[in-house]
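The structure is shown first, and the findings follow by topic.

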Amino acid sequence: MKYFLGIDAGTQSIKGILIDPATGWCSEPVAVHFGRDLPQYGSPDGFLPNPDSRIRRANPLMWLEALDLLLERMRRADLPLSQVDGISGSGQQHGSVYLNERFPETLKALRADLTLAAQLTHAFSRAEAPIWMDASTTAQCEQLRAKFGGAEAIRQRTGSDATERFSGPQIMKFAQDEPEQWAKTATVHLVSSFLASVLAGENMPIDYGDGAGMNLLNLHRLEWDAEIAKFTASGLLNRLPSCVPSTQAPGRLAPYFAKYGLRPGIPVNVWSGDNPNSLIGTGGSLSGRAVVSLGTSDTYFGTIPDLAELPRHGHVFGNPAGGFMTLVCFANGSLTREHFRSHFGLSREEFEREIRQTTPGKYQLLPWLVPEATPPVAHPTLQYNFDPKQATTGEFLRALVESQVLTMRHHAGSRRKPTQIRLTGGAAASPLLRQIVADVFQAAVVIGDTTEAAALGAAMRAANACGGFSFEELTECFCTAQATVEPNPALAGTYDAGLGRFEKLLLQNLH
Ligand code: XUL
């Protein structure tokens, strides 16, 4: 038996999945929820609460403690960790981790009788890691645009306009605000490359999938852009790990992890971002299918053949299977849905029942509870084309979830209309949301073997990089359709009209 382990370090939890590509077996996901399982970090939603909603940071020690706990839970669940032949992973994108010069020597000397968090606590030059929800770098984005010829020029170079949550502007802000701490920084990692380094016991590279989410990678040359790096922060180029194809497995598992039954020395594949991994885990990497992920963020993505024509909205990242992918990110995803569900005191079933009792397509709103990435909104407020006080709870909630899908359809607009959408992420388990996505897009919604596509994608990448399985065979094995939800054609006109009203509301509120 050859098993491969995929770990997904997301915003609110860390999850692990084992696969056996020879038999098509896939374990149930094992999870550690940061808020519930590690309350001592004071991060109920996976980040440190801050009264300024543009500031969103997490304690990287929490991620280390969660990694230990995840592997312990997998060992206790009697998963065959001793037969794992390769590991890969997935990280929430854009988050940056700042390490001092003690990081490499501490990693080399990890003792199995102590925890990762206890041993690495002195290896950081910055105690908090800004995550993808942080929108506090507007000034730095403007400086980058002014220096490099504007938004379009930066987009042509790095695949994205200078973007608040991207790691480059975040590093720039840190170096400007805290120069002494920046001087003590020896290496800047992404969440993905940081955790990969911990597994391998040495600094690991960043892959093209996640590296492209930094405003630092020249997408045409696939190497760090020395000019942009120099302007971003002095000495940054020397502090970045190398950037490599996602298929490389340069690491070997550190002896520390033998305590969980894993064999030291097995290959560790470079990790990638959660969206690039989900592209693999939904089978979207080869087929050109559109993928919608309903997670902490909602994302819409798919492959593109080359860089000839960059899409108008969103970003271009490396596709871990080769080539590129485009992505549009909506920061108001599950946390916004969950906020209103608990605001009205509803269980998940009641939430669905309330919405089902109402008429589709009637009302729209701008679903911005927290700073929004697409379109960029730094100071969010909900805006309505109806009087929320006159609406029933169900009408309000339907307006919310439909508008979340309408904003996706609007911002995916320049692309060819999909006939099929692969749906993943926690909220993809909801039959109601599946139907709303199908109806709003008038496309069939396909659900794969698991809604944990990022963890599955990571396990498939491990099997590819460490076990020699092709992405074609892995996709055939693990990404078959388990359920298909057909759109209701009678609602096509309703949602076309709803989209028109949503776009009007958008125009009225964007300045
Ligand atoms: C993508 C993005 C989010 C994070 C967290 O650009 O910011 O989707 O990857 O999931």
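In this predicted model, the largest pocket has a volume of about 1,200 Å³. Its lining comprises 46 residues, and each of domain 1 and domain 2 supplies at least three of the lining residues.

**Lining of the largest pocket**

- L294, G295, S334, G426 and A427 are the lining residues that lie nearest the centre of the largest pocket.
- Helix 15, which spans residues 334-343, provides the largest share of the lining, namely five residues.
- By residue class, the lining of the largest pocket consists of 21 polar, 13 nonpolar and 12 charged residues.

**Domain arrangement**

- The domain assignment of the chain gives domain 1 as residues 3-276 and domain 2 as residues 284-449 together with 480-511.
- The centres of domain 1 and domain 2, taken over C-alpha atoms, are separated by 27 Å.
- The contact between these domains takes 31 residues from domain 1 and 25 residues from domain 2.

**Interface between the domains**

- Domain 1 and domain 2 bury about 2,200 Å² between them.
- Carbon and sulfur atoms account for 63% of that buried area.

Methods: Residues numbered from 1 in each chain as written. Predicted model: local features only at pLDDT ≥ 70, side-chain atom pairs only at ≥ 80, totals over all residues. Heavy atoms only, no water. 1 Å grid on protein atoms, 1.4 Å probe; cavity = no way out; pocket = protein on both sides within 12 Å on 5 of 7 lines; lining within 4 Å. Points joined across faces, edges and corners; volume = space filled by probe spheres on them. Helix = DSSP H or I, 4+ residues; strand = E, 2+ residues; numbered from the N terminus. Nonpolar A, V, L, I, M, F, W, Y, C, P; charged D, E, K, R; others polar. Domains from an automatic or database assignment. Contact = heavy atoms within 4.5 Å. Buried area = accessible area lost by both parts, 1.4 Å probe.
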